[in-house]
Amino acid sequence: MSDIPGDLKFMASHEWVRVEDDGLLRVGISDHAQNLLGDLVYVELPETGDDIIREDACAVVESVKAASDVYAPVSGEIVDVNEALADSPETVNESPYDDGWLFTVRPSDDSELAQLLDAEAYQQSIADDDD
Amino acid sequence: MPIPLSVDRTVPAHTPLFEQHQTQGGRMVDFGGWALPVHYGSQVEEHHAVRREAGLFDVSHMTVVDFEGDRCRDFLSNLLANNVAKIKRPGRALYTCMLTENGGIIDDLIVYGRADGAYRAVVNAATREKDLDWIRARAEGTSVNVIEREDLAMLAVQGPQARDAVHGLLDGADREAVSALDRFWAWDSESLFIARTGYTGEDGYEMLMDASAATRWWEQLLEAGVAPCGLGARDTLRLEAGLSLYGQDIDETTTPAESRLQWTVDLSDNRSFIGRSALEAQLEAGVPRKLVGLVLEGRGVLRQGQSVVGEETAGVVTSGTFSPTLKQSIGLARVPVTTGDQVAVDIRGREVPARVVEPPFVEAADS
């Protein structure tokens, strides 16, 4: 099992969230998810200014095998998206927790953060999946 | 995000190479009731290995059916849409459809001529049961013996360096005979049935051997530098080569004429075969649909089930993927026969332009 950065929060559906210094949230997919999906070939991101709603699909990652929705971990407004992924979606495979981030969001309700899993609980949830 | 892998709690069957797949780090999934690797780490790298060098696939889930008895030729002449009379000598391979009375495709398969008037067919794994039921029902009351060969394992070695890798592991008469095989011919010896056929668009072999010999072949081929490849790469390779996948691009609701497979239907003489009259009636009345290649021109990935939209163009994508070789999305689609050279595909509500092309999308490497 790969190391999961301890400062991240997760959804059981494999999205991660990092709280930035400016209060924005950076969002990506976990190393476990990219590993299961395999080589990513296309990433469809929301647009800056879009409003997203917690647990609704707001992005799509596609591997050679299939397309998978990415769910919004919180509600809020998209502030920035990782444009570099348009030309190099494989960055998500290579660096899921850093260069492979998907978008940043300004949360509309800070209390939603508390509903996410910490790294340990996420680790446990994927261990349960593998049983 | 839902992960698109089946987590089936029933236990799929193991091929003789199950342990080798696990040792190699294969990500095992259920392929029609068989535990087989979708990849061993990177589907894309495995795909490139076959296009550039050589790759090894365990295709032991494929169903091998032998036909024995002195009336096999007449039997298969009626059962299959291509004409087994084209098999003039043992070893010749013939690609064909097996049709319903309505001209729908029950399966596509390769039939090989063998010594003493016997034949061997390799049919799809997913259609095993209905194929065997259909064939046995037709054989009932005839002198033809239909024998399923569950004792055999099957490997595919594909790529520009595949043949050399196999030749290096053969000796004596086998080596000489196999090296001399032309495309679509097989060498049929005591312990090895090896055909210069495949499902990747590349040169190479498909090999049948006793299940007990499969591990030795597998390990020797890996030692010879052939890369183990999962069935994920097999799918992207066959789609780049423009080859249909049964159950996606063709099925019992489609005829060969609607599937770019009319060339496999032999209407040259008055031979009677199952589905012939329906096919002739369709050709007479006009074929309403066609199977075409699509290259996506906008952003996104073609996937099975997406709608093809446009003026009088209601169609459906039957197979779609991202082509590792071309680095763009390709697919097959069934569309009205009047469709021109440009369409749009509905990808999650966006209409993305696609160019209609004649497959294959990728030509084989020079070997």
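Predicted model: local features only at pLDDT ≥ 70, side-chain atom pairs only at ≥ 80, totals over all residues.
Which residue stands opposite B:V29 in β3(B)? B:L36 holds that position.

View 1. Residues are numbered from 1 along each chain as its sequence is written, chains are lettered from A in the order in which they are written, and side-chain values use heavy atoms, without hydrogens and water. β3(B) pairs with strand β2 (residues 27-31) of chain B in the antiparallel sense over 5 bridges; pairing requires at least two DSSP bridges between two strands, and strands are DSSP runs (E, at least two residues) numbered from the N terminus. Strand β1 (residues 13-14) of chain B runs parallel to β3(B), joined by 2 bridges, and B:H14 has B:A35 as its bridge partner.

**View 2. The hairpin of β2(B) and β3(B).** The strands have 2 residues between them, and B:G32 takes a positive phi near 55°. Of the 6 residues of β3(B), 5 are buried (under 20% relative accessible area, 1.4 Å probe, protein chains only).

**View 3. The contact of chain B with chain A.** Chain B gives 22 residues and chain A 28 residues, contact meaning heavy atoms within 4.5 Å. Across this interface there are 4 salt bridges (a side-chain nitrogen of Lys or Arg within 4 Å of a carboxyl oxygen of Asp or Glu). One salt bridge links A:E44 to B:R348, with the closest N and O atoms 3.0 Å apart. Among the elements that give two or more residues to the chain B side is β3 (34-39).

Notes:
Helix = DSSP H or I, 4+ residues; strand = E, 2+ residues; numbered from the N terminus. Buried < 20%, exposed > 50% of the residue type's maximum accessible area, 1.4 Å probe, protein only.
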